[in-house]
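Me: I have not seen this structure before. Please take me through it in short questions and answers.

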Amino acid sequence: QGGTEGVGSTVRALIRTCTSFTPTGSCAQSAASRTVGYAANNPNAKYIQTGSGAQSNLGRNTFLLPGINNFDISVFKKFRLGESKAIQLSGTFFNAFNHPQYVPGSVNTVDAVGTTGLTTLNQIAPLTSDFLNPGQVLSSNPRVIVLGARFTF
């Protein structure tokens, strides 16, 4: 809960003293097996990157993003051609006013296929320049327009 907002840090392993040595004098135990914990390299950081084998305890909804401001609309017009035939024209507008909609880690949005790649992983790495900067990492879910025509006979 402490630390400076938007500042991240890596960690250094805290390794216990070697208790078993090889005939050449080097430690017979690996550093990984002697690791007892991790200490943050920057004590003022709010976000600490976990070390190898450690589990993060970062809470849900920790990163605040701008609110959702979305407006979807559909318009249909049907033209009759006699008693049994008709033409229906339609237009559907997703995010009609084109407001930025940053949705981290979700591929169930109206993004184009090319924007759902791995770039969203940078949002959660505290030592990257785009950490907590959704406009640099995430798609803003641009306006999508779908036009359609239907002939009923």
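Me: Leaving aside its neighbours within four places in sequence, which residues is C27 in contact with?

Reply: This is a predicted model, in which local features need pLDDT of at least 70, side-chain atom pairs count only at pLDDT 80 or more, and totals for chains, interfaces and linings use all residues. Residues are numbered from 1 along each chain as its sequence is written, and side-chain values use heavy atoms, with hydrogens and water left out. Contact means heavy atoms within 4.5 Å. With the neighbours within four places set aside, the contacts of C27 are C18, S20, F21, T22 and R34.

Me: Where does C27 lie?

Reply: Helices (H or I, at least four residues) and strands (E, at least two) are DSSP runs, numbered from the N terminus. On that basis C27 lies in the loop between β2 (11-15) and α1.

Me: Which residue forms a disulfide with C27?

Reply: A disulfide is a covalent bond between the sulfur atoms of two cysteines. Here the term is given to a pair of cysteine sulfur atoms within 2.5 Å, and the count by this rule comes to 1. The link is right-handed, with 95° about the S-S bond. At 2.0 Å between the sulfur atoms, the partner of C27 is C18.

Me: Is C18 buried or exposed?

Reply: Buried means under 20% relative accessible area, exposed over 50%, and partly exposed in between (1.4 Å probe, protein chains only). C27 has 26% and is partly exposed. C18 has a relative accessible area of 13%, so C18 is buried.

Me: Why does R34 count as buried?

Reply: R34 is placed in helix α1 (residues 31-34). Leaving aside neighbours within four places in sequence, R34 is in contact with L14, I15, R16, T17, C18, C27 and Q29. R34 counts as buried because its relative accessible area is 14%.

Me: In what order do the elements of the protein run?

Reply: The protein has 2 helices and 7 strands. From the N terminus on, the order is β-β-α-β-β-β-β-α-β.

Me: What is the bridge partner of V75 in β6?

Reply: β5 pairs with strand β6 (residues 85-94) in the antiparallel sense, over 9 bridges. In β6, the bridge partner of V75 is G91.

Me: How many aromatic pairs does the structure hold, and which residues form them?

Reply: Rings of Phe, Tyr and Trp (its six-membered ring) pair if their centres lie within 6.5 Å; planes under 30 degrees apart count as stacked, over 60 as edge-to-face and the rest as tilted. The structure holds 2 such pairs. F71 and F97 are stacked, 5.2 Å centre to centre with 25° between the planes. The other stacked pair, with centres 5.8 Å apart and planes at 25°, is F151 and F153.

Me: How many residues apart in sequence are the parts that the pair of F71 and F97 ties together?

Reply: F71 is partly exposed at 40% relative accessible area, and F97 counts as exposed at 54%. F71 lies in the loop between β4 (45-48) and β5, and F97 in the loop between β6 and α2 (134-137), so the separation of the parts in sequence is 26 residues.

Notes. Two strands pair if DSSP finds at least two bridges between them.
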